[in-house]
Amino acid sequence: MGYYWTYYAATLLAAYAIHNPWACGVAVLFFAARRWLPDPVVLLRSLSRIGALKAQARINPKNAIARRDLGRTYLDMRRPRAALRFLDEAAELEPRDADIAYVRGMALLRLGEDERAVRAFAVRVGFDPDDNQPFSDASRRGKSMSSHRQADAYLAAAIALERLGRLDPAEEAYMM
């Protein structure tokens, strides 16, 4: 189907604009702000889930999984600061959890805190962020993780390293 629906939507929008220009202006505003607004389906799905996860986190203060899932949900809703609050709590409870480190690194990357993001991804994939050759065989630790998540973590680490101007390690991360 692709994006052909935009032709139909534009035609209907133009017909509606003749009778209701303010509603059309709001639609155009939403269209322009879609980069910052969460997907409506994700928003509707996440609102009920956030309430349930907050209740779980409130009932059990040691529940790192609920905090990780809250962070992931807020990240899906494009709210990295709110996500980071819960992910920091989860990281305090489980400092070596690879999934928490990955989601925390993604939140930091979206906030533009690249150095902290590299350190979070270092926990995820097992490299030394202070090493000039962080992805050499000596610095890699064998961790059991899915290859999809591992590839995502290397890609995000490469983006953060590239933003920091550390191009050699970034190139190595892209190759991993």
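1. A cut-off to begin with: a residue counts as buried when its relative accessible area is under 20%, and as exposed when that area is over 50%, with partly exposed in between. By that count, 36% of the chain's 176 residues are buried. Please keep in mind that this is a predicted model.

2. On the overall fold, the chain has nine helices and zero strands, so the pattern along the sequence reads α-α-α-α-α-α-α-α-α. Taking contacts between residues at least 6 apart in sequence, 47% join residues at least 24 apart.

3. Helix 5 deserves a look. This helix covers residues 80–93, and its 14 residues should span 20 Å at 1.5 Å a residue; the end C-alpha atoms are 20 Å apart, which agrees.

4. Which residues of helix 5 are buried? They are Pro80, Ala82, Ala83, Leu84, Phe86, Leu87 and Ala90. Their cover includes helix 3 (40–59) and helix 4 (64–76), along with helix 6 (98–111) and helix 7 (114–125). As a reminder, an α-helix has 3.6 residues a turn, so residues three or four places apart point the same way.

5. The accessible surface of the chain is about 11200 Å², and carbon and sulfur atoms account for 58% of that. Val26, Phe30 and Leu37 make a nonpolar surface patch of about 270 Å².

How values were computed:
Residues numbered from 1 in each chain as written. Predicted model: local features only at pLDDT ≥ 70, side-chain atom pairs only at ≥ 80, totals over all residues. Heavy atoms only, no water. Helix = DSSP H or I, 4+ residues; strand = E, 2+ residues; numbered from the N terminus. Buried < 20%, exposed > 50% of the residue type's maximum accessible area, 1.4 Å probe, protein only. Contact = heavy atoms within 4.5 Å. Areas by Shrake-Rupley, 256 points an atom, 1.4 Å probe, with all protein chains shown as cover. Patch = residues over 30% accessible without salt bridge, like charges linked within 9 Å, V, L, I, M, F, W, Y side chains within 5 Å. Salt bridge = Lys/Arg side-chain N within 4 Å of Asp/Glu carboxyl O. Expected span 1.5 Å × (residues − 1).
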